[in-house]
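Please look over the sequence and the structure shown below.

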Amino acid sequence: ECLQLLRLIDIYIKQSTGLKNKLHGEKVLGKPSKTVYHSLNRALKSVQAEIKVLETRLNELVKEEQQQQLTLLKSIPGMGNKTAIMLLVLTDGFSNFENARQLCCYTGITPTIRESGKSVRGKSRISKVGNSKLRNLLFMCSFTACKHNKACKEIYERIIAKGKSKKLALIAVCNKLLKQAFAITKSGLPYDENFVSKIG
């Protein structure tokens with residue numbers, strides 16, 4: 001049911017974005033039809049209401065089945081509620097993965113290097129396989145983690161100091177967050193900056 005809810009929420013979010021874009025487009029025309037404008041507004045409010053209903057139900061289900069894991073994940077500085085819930089649902093409470101590297105590969109945030117020939121190296125890029133919505137949520141989390149998560153802050157500053165791009169540093173932070181999430185849920189212990197700092 002959680003997976004069904006996630007998929008439907010994703011569909012409605014796309015519809016919401018489309019309706020917002022259409023509303024903006026009508027305003028740009030200068031003299032939008034009142035009938036069209038009000039219809040779009042009604043449709044947008046309806047879709048947004050459905051999203052809230054589904055998100056509430058999703059929260060209830062996860063708390064019923066995985067409250068302990070949810071609490072552990074939310075103890076990680078930078079890990080938001082939406083990201084924690086999505087991680088638990090998509091990974092079936094991390095039971096689908098044997099190690100953190102598998103989880104990083106599944107999410108699609110393992111850095112890949114573009115090469116031309118055998119010796120010329122290009123820029124680092126993420127693999128872009130895996131769940132794009134989860135990846136986007138992790139990127140949003142990485143900004144907060146860089147400020148408040150000791151291990152994430154250290155790895156971010158270390159990569160920037162080497163002259164690497166901010167994007168590459170944020171990818172590394174996303175990886176670190178996933179490794180922390182995996183370690184914490186498997187150990188059953190809440191976030192401890194001295195413990196998670198040692199996670200590779």
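A residue is called buried when its relative accessible area is under 20%, exposed when it is over 50%, and partly exposed in between (1.4 Å probe, protein chains only). With a relative accessible area of 37%, Glu193 is therefore partly exposed. Its place is in helix 8, residues 193–196; helices (H or I, at least four residues) are DSSP runs numbered from the N terminus.

This is a predicted model, in which local features need pLDDT of at least 70 and side-chain atom pairs count only at pLDDT 80 or more, while totals for chains, interfaces and linings use all residues. Residues are numbered from 1 along each chain as its sequence is written, and side-chain values use heavy atoms, with hydrogens and water left out.

Salt bridges come next. A salt bridge is a side-chain nitrogen of Lys or Arg within 4 Å of a carboxyl oxygen of Asp or Glu, and the count by this rule comes to 5. One of them joins Lys14 to Asp10, with the closest N and O atoms 3.6 Å apart. Lys14 and Asp10 are 4 residues apart in helix 1 (residues 2–28), so about one helical turn separates them. Lys14 is exposed at 58%, whereas Asp10 is partly exposed at 26%.

Helix 1 also holds Lys22 and Glu26, again 4 residues apart, or about one turn of the helix. Their salt bridge has its closest N and O atoms 3.1 Å apart. Here Lys22 is partly exposed at 44% relative accessibility, and Glu26 is buried at 11%.

Another salt bridge, between Glu55 and Lys82, has a closest N to O distance of 3.8 Å. This pair links distant parts of the chain, with Glu55 in helix 2 (residues 34–74) and Lys82 in helix 3, 27 residues apart.

Which residues have a positive phi without being glycine? Asp92 has a phi near 55°, and Phe94 has one of about 70°. Asp92 is in the loop between helix 3 (81–91) and helix 4 (100–107), and Phe94 lies in the loop between helix 3 and helix 4. Asp92 is partly exposed at 47%, but Phe94 is buried at 0%.

Last come the cysteines. A disulfide is a pair of cysteine sulfur atoms within 2.5 Å, and a search of the whole structure finds 0 of them. For Cys105, the nearest cysteine sulfur is that of Cys104, 7.0 Å away. The sulfur of Cys174 is 8.0 Å from the closest cysteine sulfur, in Cys141, which is too far for a bond. Cys105 is partly exposed at 34%, whereas Cys174 is buried at 0%.

Conventions:
Helix = DSSP H or I, 4+ residues; strand = E, 2+ residues; numbered from the N terminus.
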